[in-house]
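Welcome! Take a moment to look over the sequence and the fold, then work through the exercises below.

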Amino acid sequence: MTKIALTIAGSDSGGGAGIQADLRTFAFHCVHGTSALTCVTAQNTVGVDRVDALPPEAVTAQIGAVLGDIAVQGVKTGMLLNAEIIEAVAEAVEKWKLTPLVVDPVMVSRTGVQLIDDRAIAQLKQKLIPKATLITPNRYEAQILSGLAVNTIEEMKAAAKKIYQLGTSGVLVKGGAMQGALRGTDVWFDGQTLEILTSEIVDTPHTHGTGCTLSAAIAANLALGKSPLPAIQQAKKYVTTALNYALAIGRGTGPVGHFFPLVQRSMVE
């Protein structure tokens, strides 16, 4: 039977991140993707020109329309933008008993730019993270959520353990914004097991959508029945290969190459 996943996130008009990246990632895992938009961005590979939030009621209605008809086996959240939308999503998660739930915090970009205000961050910590199967903070998000500096592998471990105390069932502190060899190193902690996960460091400037793609791939693998750690390991392989096939489009930071399986097949044929 075809597995189904739901993404609750923003739209990226450039097609590299957000809902667009999530749905492509679901598809290349043979998982049917459904979606609930939270905001619409006008952006490209160079930058973001405009962000328009949807009313929280519209987000709730989209989730209800999907779940009132279609059973989903995995859910992920991405850009939720403001405190009101975060509260609406948390209420929907509670109402529909949404699990497994992957929360990509989308609080701070990989370059260190804060994307949501402090009130929204507080809502995320109090209302949504405690309901998560796992969350996937980058270095800067891990610093905010843990209150700790994150510059070394030991500090990544400490941050993962501290964030776990917020009530989530698992934490993946991502090393993509770290320096040197730590760029390819993530730390996983589920309250009992702490794992250091390493992967090839791909030397490309075209990394747009990496975080969205990773969390979507984890959600897809969870929907396929994998447990969290194997789901993360498979997702990291997908993202690493997608980085090797990144798209040098536009004048700025291009997206990862989600459709690399088709490219590889065409090269063989």
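**Aromatic pairs and a buried threonine**

Tyr-238 and Phe-260 are both buried, where buried means under 20% relative accessible area, exposed over 50% and partly exposed in between (1.4 Å probe, protein chains only). This is a predicted model, in which local features need pLDDT of at least 70, side-chain atom pairs count only at pLDDT 80 or more, and totals for chains, interfaces and linings use all residues. Residues are numbered from 1 along each chain as its sequence is written, and side-chain values use heavy atoms, with hydrogens and water left out.

**Exercise 1.** Find how many aromatic pairs the structure holds, and describe the one formed by Tyr-164 and Phe-189.

*Solution.*
- Step 1: Rings of Phe, Tyr and Trp (its six-membered ring) pair if their centres lie within 6.5 Å; planes under 30 degrees apart count as stacked, over 60 as edge-to-face and the rest as tilted.
- Step 2: There are three aromatic pairs.
- Step 3: Tyr-164 and Phe-189 sit 5.3 Å centre to centre with 75° between the planes, an edge-to-face pair.
- Step 4: This pair links distant parts of the chain, with Tyr-164 in helix α6 and Phe-189 in strand β8, 25 residues apart. Helices (H or I, at least four residues) and strands (E, at least two) are DSSP runs, numbered from the N terminus.
- Step 5: Tyr-164 is partly exposed because its relative accessibility is 28%, while Phe-189 is buried because its relative accessible area is 10%.

**Exercise 2.** Is Thr-240 buried or exposed, and which residues does Thr-240 touch?

*Solution.*
- Step 1: Locate Thr-240 in helix α8, residues 228-244.
- Step 2: Thr-240 has a relative accessible area of 12%, so Thr-240 is buried.
- Step 3: Not counting residues up to four places away in sequence, Thr-240 touches Ser-199, Glu-200 and Val-202; contact means heavy atoms within 4.5 Å.
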